[in-house]
Amino acid sequence: MNVLLSPQPPVFPHQRDNSRLSPQRSVSPFHNMSNRKRKADEDGDESMSPNSSPAISNRPLARPTKKVRSNDLVGRPLALPRLLETLDTSELRTVLERICERHPDIGREVVSSAPRPTASAALEVLQGYQDKLKAAAPYGDSSAEYTYYRVKEALVALIEALSDFTPQFLPPIESQPTKSLEFLHGATKFIHDLPNWEPQAYRHHKENAYEEISRAWALVINEASKRAGGFNLHSGGWDQTLSRHNEQSGGRLGTAVSAMCNNVGWMGSNAASSPASSDQNTILNQLMSGAYGSPVRVGPW
């Protein structure tokens, strides 16, 4: 009867033990990772984003540099490269001459470093002086005195340029006679074109120029005659060229003509008057034709 009236349900021993040892429910690792990923996305965590990767964050970003410009526009001098672009040849030459005058060491370095002028380059400069001389001449009929004083400055500039350039092409500075004669040939033409004034007082410029160029011709001829007997003078026709220059100058190149006759007289046109020179001309013709030294036939062959 007591058993039936018990208000609590009976507890069996095996049920009590099982309730104590019941294992807890295990959580899958994938479930935790999904929760962490979802939480990171919801919270905005940037530690898991690709942009926060160490390899990318440490890489420097190439950004174009911006030139800082001032809002205040003020005047300033040109830089040296831009300034040189605005100078023409004459202005640049003037600036360089002034620098060399103030600093002689720089002038000596320019002289030693600059290439030597060629005959054509020097003659081109002389042509510029002659053009200025012609441009300075007055139009129409003018008196010799008025014309002389109008062109005197340009005339003296041309004469001085001739006097300065000529020694550059003389031995021992110039060792090749052909280059020296090429310059002298062109320089003599400029002297021929100098004006002839009726009063003798205005002719001294041209007379002195002829005398100086004649001595230059003689120096080059004397040096050229030491090489192969002056054969290059005749082969280049310089003996005939000098003869024409002397005729055009009115015989004012006598010093040069004498040097040609004394050193290589067998080449000149006047050398044919003497028998000895005629024999030498015959030998020269044989050398030119290749018949000199050919065997002589003896007896009937």
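In this predicted model, histidine 234 is found in helix α11, which spans residues 231-235. With a relative accessibility of 25%, histidine 234 counts as partly exposed, because buried means under 20% and exposed over 50%. Its C-alpha is 8.7 Å from that of valine 264, although 30 residues separate histidine 234 and valine 264 in sequence.

Val264 is one of the buried residues of α13, together with Ala256, Ala259 and Met260. Viewed down the axis of α13, these buried residues fall within an arc of 100°, so they line one face of the helix. The elements that cover the buried residues of α13 include α10, α11 and α12 (238-248).

Two packed helices are described by the angle between their axes and the distance between the axes. Both values are given below.

| Helix pair | Axis distance | Crossing angle |
|---|---|---|
| α10 (residues 204-224) and α13 (residues 254-264) | within 7 Å | roughly 15° |

Angles under 35 degrees count as roughly parallel, and α10 and α13 are therefore roughly parallel to each other. Their crossing is right-handed. On the α10 side, the contact is made by Ser214, Arg215, Trp217, Ala218, Ile221 and Asn222. On the α13 side, Gly254, Thr255, Ala256, Ala259, Met260 and Asn263 take part. The residues of this contact between α10 and α13 comprise six nonpolar, five polar and one charged.

Notes
Residues numbered from 1 in each chain as written. Predicted model: local features only at pLDDT ≥ 70, side-chain atom pairs only at ≥ 80, totals over all residues. Heavy atoms only, no water. Helix = DSSP H or I, 4+ residues; strand = E, 2+ residues; numbered from the N terminus. Buried < 20%, exposed > 50% of the residue type's maximum accessible area, 1.4 Å probe, protein only. Axes fitted to C-alpha atoms, helices over the stretch in contact; angles between N-to-C directions. Parallel < 35°, antiparallel > 145°, perpendicular 65-115°, else oblique. Left-handed = near helix turned anticlockwise from the far one by under 90°. Contact = heavy atoms within 4.5 Å. Nonpolar A, V, L, I, M, F, W, Y, C, P; charged D, E, K, R; others polar. Arc of directions from axis to C-beta.
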